[in-house]
Amino acid sequence: MKSHAAKLSVFFTTAATASVLLGSSPAQAAPTNCRFDFYNTDLSSYATCSSGTGQFRAKLRCDIPWRPDTTAYGNWLGVTSPPSNSIAICPSNARRGFDPGIETR
């Protein structure tokens, strides 16, 4: 019985150490110099970042009559030069978009 407990202890210690060593990753810098606003109409928004690393995307809250508000998201993009735009578009049954924003990772 003592031998079994010792083996389990070694197993869990090894698993915990491997998890710490393999699970950690280097910190990733966030995109910087970012802008966002409405795009063409109040049913779409854009987001762009011109420096840093990582990814970003546009987001826009959408007011849909007689339904809960939803959030539209643009594609995740990496920071590039020249900068690219991520575009979020509300569905066609939306009355309006509001609260444009940006997400980064």
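Me: Which residue in E6 does Ala-47 stand opposite?
Reply: Ser-86. Bear in mind that this is a predicted model.

Me: And Tyr-46, what's its bridge partner in E6?
Reply: Tyr-46 has Ile-87 as its bridge partner there.

Me: How many bridges join E2 to E6, then?
Reply: Four, and the two strands run antiparallel.

Me: What holds strands of a sheet together, in general?
Reply: Backbone hydrogen bonds: strands pair through them, either parallel or antiparallel.

Me: How many residues sit between E1 and E2 in the hairpin?
Reply: One residue. Asn-40 in the turn has a positive phi of about 65 degrees.

Me: Back to E6. Which residues are on its covered face, and which on the uncovered one?
Reply: Ser-86 and Ala-88 make up the covered face, while Ile-87 and Ile-89 are on the uncovered one.

Me: OK, what's in the largest nonpolar core?
Reply: Eleven residues, and Ala-88 from that covered face is one of them. Ala-47 belongs to the core too, and others include Phe-56, Leu-60, Ile-64, Cys-49, Cys-62 and Cys-90. E2 and strand E3 (55-63) are the elements that give two or more residues to this core.

Me: Which element gives the largest share?
Reply: E3, with four residues.

Me: What else is Ser-44 in contact with, leaving aside neighbours within four places in sequence?
Reply: Besides Tyr-39, Ser-44 is in contact with Phe-38, Leu-60, Ala-88 and Ile-89. Of those, Leu-60 and Ala-88 are core residues.

Me: And Thr-48, buried or exposed?
Reply: Thr-48 also lies in strand E2, and it counts as buried at 3% relative accessibility.

Me: Which backbone oxygen lies 2.9 Å from a polar atom of its side chain?
Reply: For Thr-48, that's the backbone oxygen of Ser-84. Leaving aside neighbours within four places in sequence, Thr-48 is in contact with several residues, among them Asn-33, Cys-34 and Arg-35, as well as Phe-56, Pro-83 and Asn-85.

Me: How about Thr-41, how accessible is that one?
Reply: Thr-41, in strand E2, counts as partly exposed at 41% relative accessibility. The Thr-41 side chain reaches the backbone nitrogen of Leu-43 at 3.0 Å.

Me: How far is Thr-41 from Gly-97 in space?
Reply: 8.7 Å, C-alpha to C-alpha, although Thr-41 and Gly-97 are 56 residues apart in sequence.

Me: Zooming out, how many helices and strands are in the chain?
Reply: One helix and seven strands. From the N terminus on, the run is α-β-β-β-β-β-β-β.

Me: What share of the residues counts as buried?
Reply: 23% of the 105 residues in the chain. As for contacts between residues at least 6 apart in sequence, 56% join residues at least 24 apart.

Me: Last topic, confidence. What does the pLDDT average over the chain?
Reply: The average is 82, and 73% of the residues score at least 70.

Me: Where is it below 50?
Reply: Over residues 4-26. That stretch has two contacts in the model beyond near neighbours in sequence.

Conventions: Residues numbered from 1 in each chain as written. Predicted model: local features only at pLDDT ≥ 70, side-chain atom pairs only at ≥ 80, totals over all residues. Heavy atoms only, no water. Contact = heavy atoms within 4.5 Å. Core = buried A, V, L, I, M, F, W, Y, C linked by side-chain atoms within 4.5 Å. Buried < 20%, exposed > 50% of the residue type's maximum accessible area, 1.4 Å probe, protein only. pLDDT = per-residue confidence, 0-100. Pairing = 2+ DSSP bridges. Polar contact = N/O pair within 3.5 Å; in protein donor to acceptor, adjacent residues only side chain to side chain.
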